[in-house]
Amino acid sequence: MSLFASPVFDIAGLRIAFKTEEPMEVTEAFLPFLSSGEPDWEIAFRKTDRLPPFPENPVFVGRSYAAASGPDGTSLRLFFDAAANDLPFALGRYDWNARRIALDYLASGAEFVRESGSCFFYLALDALLLHSGRGILHAACVQTGFGGILFSGPSGIGKSTQSALWLRNEGARLLNGDRTVLSRENAVWRGFGSPYAGSSRVWLNESCDIRAVVMLEKSETCSIKRLGRAEAFRKVFSGMTVNRWDGYCVTAACDLAESIADEVPVFELFCTPDESAVETLKSVL
């Protein structure tokens, strides 16, 4: 862990500046994403004695924050501490058009804004990416001789197992083991590593062209089929990180999933945890 004053991070080609009053503790997963230069987005942290007002009728209330519409097209998020009777300790104001975010926090919440992972939570990275034409897919990204392969599916379906088989049998490289950022660059879809890598602990600030998206299903025998457009869209969208209460983000995620279904082969792989799954997938690449 290292301390940085107002660090800048590069996530999927976007530079995000954190304006902090105290040095931020940057943990191992975020160190590869430290950057410099003019930011594309800015989030400013400010300690205050009193939080700004928050609407009485939020559009969403979760376990750690509530969301509401703010004035002039901005969005608001009120953060509270579940361990302290849900007392509010911070309020974020999101001006998506100006690409600026401001987080006011009380002294009682200072401990929650010192470390990079916590600070990224207030950033609302999934929404920020969708407002920038990018999205997060719950998938492992493996760079192979065929191009990038995204193994996707619910937790426990075998993403890590299938990735490891390609690493061992095909000399592939793992760029990310859990949350891959997708972006369309010069008419080509690319997968970017992110600080969120699950149990793989692989945090590479690298990217590769995507050859295929592979939806995994466990089976006693291996088989594969290419999904039609509608089914491919449904599977890709279901794997994207998006707040269902945010209309803009849902629409943006739908647009991304639709483009991926149109432009990238999406397969359903019924697989065993052995080399047969690798050979079955290779047969269609």
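At 11% relative accessibility, histidine 138 counts as buried (buried means under 20% relative accessible area, exposed over 50%, and partly exposed in between, with a 1.4 Å probe and protein chains only). Before going on, some ground rules: this is a predicted model, where local features need pLDDT of at least 70 and side-chain atom pairs count only at pLDDT 80 or more, while totals for chains, interfaces and linings use all residues. Residues are numbered from 1 along each chain as its sequence is written, and side-chain values use heavy atoms, with hydrogens and water left out.

**Histidine 138 and its surroundings**

You'll find histidine 138 in strand 12, which covers residues 134-144. Helices (H or I, at least four residues) and strands (E, at least two) are DSSP runs, numbered from the N terminus. Leaving out residues up to four places away in sequence, histidine 138 touches a list of residues including Phe151, Pro154, Lys159, Asp178 and Gly239. Touching, or contact, means heavy atoms within 4.5 Å.

Nine strands form an open sheet with mixed pairing, and their order is 5-2-3-6-11-10-9-8-7. Strand 5 (34-35) and strand 7 (60-61) stand at the edges with a single partner strand each, so one side of each has no neighbour in the sheet. Two strands pair if DSSP finds at least two bridges between them. Strand 10 (residues 87-95) and strand 11 (residues 100-105) do this over six bridges, in the antiparallel sense. Leucine 91 stands opposite aspartate 104 in strand 11.

Aspartate 104 turns up again with arginine 46: their side chains make a polar contact of 2.9 Å. Arginine 46 sits in strand 6 (residues 41-47) and is partly exposed, with a relative accessible area of 43%. Not counting residues up to four places away in sequence, arginine 46 touches Glu21, Arg93, Leu103, Asp104 and Tyr105. Arginine 46 and tyrosine 105 are 59 residues apart along the chain, yet their C-alpha atoms are separated by 6.3 Å.

Where do the buried residues of helix 6 fall, seen down its axis? First, who they are: Ala277, Val278, Thr280 and Leu281 are the buried residues of helix 6 (residues 275-282). They fall within an arc of 165°, so they line one face of the helix; the arc is that of the directions from the helix axis to the C-beta atoms. As background, an α-helix has 3.6 residues a turn, so residues three or four places apart point the same way. These buried residues of helix 6 pack against strand 13 (147-152), helix 3 (159-170), strand 17 (207-218), strand 18 (223-226) and strand 19 (266-271).

The axes of helix 3 and helix 6 come within 9 Å and cross at roughly 85°. That makes helix 3 roughly perpendicular to helix 6. Axes are lines fitted to C-alpha atoms, for helices over the stretch in contact, and angles run from 0 to 180 degrees between N-to-C directions. Angles under 35 degrees count as roughly parallel, over 145 as roughly antiparallel, 65 to 115 as roughly perpendicular and the rest as oblique. Among the residues that meet here are Leu165 and Trp166 from helix 3, with Val278 and Leu281 from helix 6.

Helix 3 also holds serine 163, which is buried with a relative accessible area of 4%. Serine 163 touches Ala140, Val142, Phe151 and Leu174, not counting residues up to four places away in sequence.

Most residues other than glycine have a negative phi, and most peptide bonds are trans.

**Phenylalanine 233**

Last stop: phenylalanine 233 in helix 4 (residues 229-238). Phenylalanine 233 is partly exposed, at 27% relative accessible area. Its contacts, leaving aside neighbours within four places in sequence, are Cys254, Ala257, Glu258 and Ala261.

Methods:
A polar contact is a pair of N or O atoms within 3.5 Å; within protein, one must be able to donate a hydrogen and the other to accept it, and residues adjacent in sequence count only if both atoms are side-chain atoms.
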